[in-house]
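Q: Could you walk me through this one? I would like to go over the ligand site and the strands.

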Amino acid sequence: MDFDLYKNRFEKAILAGDRLLASEIINDLVEKKSKINDIYENVIKRALYQVGLLWETGKISVATEHLASAIVESVLNELYSKIISKYRMDNVVVAASVEKEVHQIGIKMVADVFEMRGWNVHFLGADTPSSDLLKFIETVNPKLVALSMSIYFHYPELLKIIGMIRERFPDLAIIVGGQGLLHSTSDISEKYKNVHYLPDLYSLEEFISNIENYG
Ligand code: B12
């Protein structure tokens with residue numbers, strides 16, 4: 001599959017505000033039986049990273065960046081009915097972006113990977129207040145918590161919520177990811193046990209398979 005071609009067409013469509021075309025491009029890939037992880041990683045994520053570069057270099061406005069990410073969110077929501085697994089297991093996961101963090105597309109993709117595998121997913125989205133997140137975890141008693149952080153300056157919020165979870169649930173598995181962590185993952189896994197950094201959806205799949213097979 002020529003994902004480059006699809007990525008270029010998708011990028012143009014979201015920058016032009018053409019929601020229908022963006023949706024058709026992704027649906028075309030789904031109909032051709034492309035794996036959702038490949039579509040997310042090679043088409044949608046890469047197109048958004050390119051949007052970020054265009055914004056950073058002043059080639060597009062903040063308004064256009066907002067437009068592009070809003071279309072992506074609508075495309076992801078539209079895909080949901082196609083990817084949801086009819087097979088259900090008891091495993092529960094809570095997925096959220098840390099307090100102050102407004103980026104939520106990456107963690108939505110993470111939530112979808114769990115959804116496709118039949119987990120019960122609680123996707124809380126962006127900027128989840130730490131104290132509310134902890135209360136939520138107490139209520140649903142998950143097997144795993146997934147946290148996302150795109151902006152490095154939100155690292156204190158990530159450490160805060162991990163500390164709060166650890167105090168209340170010493171053994172609960174936590175996975176973390178997002179661009180804000182690209183250069184600062186070693187302290188977390190050294191400081192806290194059972195906290196794992198995963199860079200993308202492929203490493204996530206592997207991690208989930210291990211948990212499902214070996215607990
Ligand atoms: C869309 C977007 C926005 C939207 C977000 C909309 C939304 N609903 O999410 C809006 C316009 C709100 C926004 C705001 C800002 N943004 Co912005 N944004 C982007 C953009 C273009 C795309 C983000 C995205 O969705 N990427 C695609 C997803 C799929 O990729 P991802 O998040 O990396 O996720 C993948 C992996 O990291 C991983 N992953 C992510 N989380 C997790 C969690 C777990 C548990 C696991 C296992 C894996 C995992 O899985 C995903 C699939 O591989 C990026 C450009 C870029 N390079 O991403 C900039 C970018 C992230 N933004 C940036 C900035 C600076 C900002 C602002 C500070 C700008 C400003 N001055 O206002 C604000 C943030 C304010 C705040 N309080 O947080 C910078 C961040 C630089 C940095 N790392 O510090 C970027 C990189 C742009 C740039 N080139 O400079 N942004």
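This is a predicted model: local features need pLDDT of at least 70, side-chain atom pairs count only at pLDDT 80 or more; totals for chains, interfaces and linings use all residues.

Q: Okay, how is the protein chain divided?
A: The protein chain is split into domain 1 (3-83) and domain 2 (92-214), with bounds that come from an automatic or database domain assignment. Their centres, taken over C-alpha atoms, are separated by 24 Å.

Q: And how many residues of each are in contact?
A: In domain 1 there are 10 residues in contact with 11 residues of domain 2, where contact means that the C-beta atoms of two residues, placed from the backbone, lie within 7 Å. On the side of domain 1 that touches domain 2, H3 and H4 are the elements that give two or more residues; helices here are DSSP runs of H or I with at least four residues, strands are runs of E with at least two, and both are numbered from the N terminus.

Q: Where does the ligand lie, and why?
A: The ligand lies between domain 1 and domain 2, because both give residues to the shell around it.

Q: Which residues are closest to it?
A: Of the 38 residues that surround the ligand, the closest are Gly52, Ile105, Gly106, Ser148 and Gly177; a residue counts as near if its C-beta atom, placed from the backbone, lies within 6 Å of the molecule.

Q: Which helix gives the most to that shell?
A: That is H3, with eight residues, and helix H5 (105-116) and strand S3 (144-148) are among the elements that each supply at least two.

Q: Switching to S1, how many of its residues are buried?
A: Five of the six residues of strand S1 (residues 92-97) are buried, meaning that 20 or more other C-beta atoms, placed from the backbone, lie within 10 Å of a residue's own.

Q: What does S1 pair with?
A: S1 pairs in the parallel sense with strand S2 (residues 120-125) over five bridges, and five bridges also join S1 to S3, again running parallel; strands pair if DSSP finds at least two bridges between them.

Q: What are the partners of alanine 96?
A: Alanine 96 has glycine 125 as its bridge partner in S2, and stands opposite leucine 147 in S3.

Terms used: Residues are numbered from 1 along each chain as its sequence is written. A residue is buried if 20 or more other C-beta atoms lie within 10 Å of its own, exposed if 12 or fewer, and partly exposed in between; C-beta atoms are placed from the backbone.
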